[in-house]
Amino acid sequence: MVDNLMPEHREDAAGTLDDFADETVASHASLSDDIVALIDDGKTYIEAELAFQKTRLAFAADRGKSGIMYGICAFAVVHLALIALVVGLIFALSPLLTAWGATAVVAGVLLVAGAILGIKAKNRFARLAEAYKEASE
C-alpha cells in the first residue's frame, strides 16, 4: 500500500515540475510583454506629465499676467501720489522760501535721499555678489 502511494506522489511531483517549467517559459514570454507595457506606461506618464505642466504653466501665466497688471497699476498710482506730495511740498514752502527756493529744497532733499538709497542698494548687491563668490570657491 505504501508502494502504491509513492508512485502517484512522484507523478504529481513530476507533473508539478512540468507545470513549473511551462510557467517559466510563459513568464519569459510575459517578461517581454511586461517590458513593452512598462515602456508604454512610461510614455503615457510622460505625456500626462507634460500636459499637466503645460496646464500649470498656462494657469500661472494667466494669474501672473493679471498680478503684473495690478502691480504696474499700483506702482503708477503710488508714483502719482508721490508726485502730488512733492508738488504740495513746493506749494507749501513757496510762501516761506519763494517758488524757486522751495523747488530747490525739495529737489535737493529728494536727490540726497536718492543718493543714499542708491549707495545702500549698491552695498547690498556687492554683499550678495561676495556671498556667491565665497560659495563658489
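Contact, as the word is used here, means that heavy atoms lie within 4.5 Å. By this criterion, Leu-97 touches Ala-102 and Val-105, when residues up to four places away in sequence are not counted. The structure described in this report is a predicted model.

**Overall architecture**

The chain contains 1 helix and 0 strands. Of its 137 residues, 3% count as buried. The accessible surface of the chain comes to about 12,000 Å², and carbon and sulfur atoms account for 71% of that surface.

| Residue | Relative accessibility | Class |
|---|---|---|
| Leu-82 | 49% | partly exposed |
| Leu-97 | 36% | partly exposed |

Why does Leu-82 count as partly exposed? The class of partly exposed residues lies between buried, under 20% relative accessible area, and exposed, over 50%. Leu-82 has a relative accessibility of 49% and therefore counts as partly exposed. Leu-97 is classed as partly exposed because its relative accessibility is 36%.

**A nonpolar surface patch**

Leu-82 also takes part in a nonpolar surface patch, together with Val-78, Leu-85 and Leu-89. This patch has an area of about 360 Å².

**The backbone at Thr-98**

Which residue has a positive phi although it is not a glycine? The residue is Thr-98, with a phi of about 75 degrees. Thr-98 is found in helix 1, which comprises residues 2–136.

Terms used. Residues are numbered from 1 along each chain as its sequence is written. This is a predicted model: local features need pLDDT of at least 70, side-chain atom pairs count only at pLDDT 80 or more; totals for chains, interfaces and linings use all residues. Side-chain values use heavy atoms; hydrogens and water are left out. Helices (H or I, at least four residues) and strands (E, at least two) are DSSP runs, numbered from the N terminus. Patches are made of residues with over 30% relative accessible area and no salt bridge: like charges are joined within 9 Å, nonpolar side chains (Val, Leu, Ile, Met, Phe, Trp, Tyr) within 5 Å. Accessible areas come from the Shrake-Rupley method with a 1.4 Å probe; for residues, only the protein chains shown count as cover. A salt bridge is a side-chain nitrogen of Lys or Arg within 4 Å of a carboxyl oxygen of Asp or Glu. Buried means under 20% relative accessible area, exposed over 50%, partly exposed in between (1.4 Å probe, protein chains only).
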